[in-house]
Amino acid sequence: MDPQTIIARRIARELRDGMLVNLGIGIPTLVANYVPAGMHVFFQSENGLIGTGPVPEQGMAMRWLTDAGGKPVTALPGASAFDSAMSFALIRGGHLDLTVLGGLQVDQQGHLANWMVPGKMVPGMGGAMDLVTGAKRVIVAMQHTAKGRPKIVRECSLPLTSTRPVDLIVTELAVIAFPEARATLVETAEGVSVEEVRAATEAELVLPQPNAA
Amino acid sequence: MRMIALDEAVASIPDGATLMVGGFMGVGTPEPLMDELVRQGRRELTIVANDTASPGVGIGKLVTAKALRRVVASHIGLNPETQKQMMEDGLQVELVPQGTLVERIRAGGCGLGGVLTPTGIGTVVENGKRKIEVEGREYLLETALQADFALVQAFLCDYLGNLTYALTGRNFNPLIAMAARTVMVCAEHVVLVGVIAPDHVVTPAPLVDYVIARC
């Protein structure tokens with residue numbers, strides 16, 4: 001299984017029936033492919049839609065129905081459309097149960113940097129700062145390293161997205177949570193050892209306590 | 001409201017004007033107004049919009065034509081030309097979190113001086129801004145935005161100027177229609193008064209100054 005699929009499938013296990021969920025561009029988008037059968041989840045696109053459905057079949061794209069990347073999507077029965085003020089009121093106002101975003105770096109207290117690389121890439125934060133600040137739960141979907149360099153670091157060298165710590169990081173190697181603001185290894189992916197995860201992580205990792213209640 | 005020809009509408013927009021433009025990655029952007037601004041060679045414009053789309057799409061056409069002096073947006077990442085002009089040609093770009101941008105526009109249209117938001121606290125976004133504590137939580141004071149013109153894309157427009165929008169083409173359009181001195185609307189369909197039920201009107205007619213039909 002490729003890293004993206006491993007990550008998306010694992011994050012799908014965090015979904016619950018009836019949740020309002022926002023998926024970012026990239027790996028997060030793939031999570032929608034693995035919603036457990038029989039579960040109903042409301043997916044929000046921050047450009048103004050709840051009830052975002054799969055990519056339309058060939059020739060069925062509609063110019064007024066797009067995701068936050070501007071790509072054609074469909075709307076499921078029961079969908080609703082609204083303006084950007086409403087969309088971000090949902091996000092900032094604590095109405096969004098879960099957001100899944102990509103990441104460039106996360107530090108050992110859970111602070112995320114995902115919107116710019118000074119001097120190289122200045123795309124802008126788009127909705128990321130509001131999503132991390134306002135969502136009830138924040139999951140970062142990213143590969144564990146970039147070109148061999150750890151992305152889970154002691155301290156972010158890149159500009160932060162928010163001072164609100166994320167709740168969970170899911171990579172192709174591991175799941176890491178942040179109880180008491182400390183990066184804690186929750187599980188390793190199938191066939192991956194704790195040592196492999198530690199070697200690919202710069203942040204100090206609290207290891208699981210098998211005997212803890 | 002007055003129906004107006006496209007070229008006449010754009011002729012009333014001077015060089016150096018501040019324009020709010022609807023759209024999200026070009027979806028819900030009044031493309032004919034973008035094309036006509038380029039054709040008439042408008043210069044030194046300030047654009048307030050969610051993003052600068054991509055080259056050849058929506059606001060991206062104004063970027064490529066070097067019609068802009070300043071951009072206030074949440075995202076420019078899908079238009080390399082915007083980034084290039086920012087780095088090399090002195091195009092001023094103010095990046096604003098999307099939820100903050102839309103609230104600043106909303107405030108501008110609602111008679112408010114600004115809004116208090118937790119978004120951006122502890123990041124580079126807070127630089128130079130006032131922080132205000134309310135009941136133990138810190139907020140940034142983000143000031144209101146207004147413009148000379150709002151360039152709006154509607155789906156239905158009746159003969160009085162009542163507007164509705166289509167799906168994700170709505171985005172910033174109803175907000176900017178409140179926040180500019182002159183509101184110009186490209187309407188996909190112009191319909192009889194009454195076709196849009198009162199409960200379904202999103203932008204009420206008195207807010208609309210000019211309508212360019214079937215575009």
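Strand 13 (residues 174-177) and strand 14 of chain A run antiparallel and are joined by 4 bridges. Within this pair, A:V175 stands opposite A:E187 of strand 14. Strands here are DSSP runs of E with at least two residues, helices are runs of H or I with at least four, and both are numbered from the N terminus. Two strands pair if DSSP finds at least two bridges between them.

The model is predicted: local features need pLDDT of at least 70 and side-chain atom pairs pLDDT 80 or more, while totals for chains, interfaces and linings use all residues. Residues are numbered from 1 along each chain as its sequence is written, and chains are lettered from A and ligands numbered from 1 in the order in which they are written.

In chain A, 9 strands form an open sheet with mixed pairing, in the order 4-3-2-1-5-8-12-13-14. Strand 4 and strand 14 (184-188) stand at the edges; each has a single partner strand, so one side of each lacks a neighbour in the sheet.

The contact between the chains takes 34 residues from chain A and 35 residues from chain B. Residues are in contact if their C-beta atoms, placed from the backbone, lie within 7 Å. On chain A, strand 4 (74-81), helix 3 (84-92) and helix 4 (128-134) each supply at least two residues of the side that touches chain B. Helix 3 gives the largest share, 5 residues.

A:N47 lies in the loop between strand 2 (42-45) and strand 3 (49-53) of chain A. Leaving aside residues up to four places away in sequence, A:N47 touches A:T66, A:A68, B:F24, B:T168 and B:N171.

Methods. Contact = placed C-beta atoms within 7 Å.
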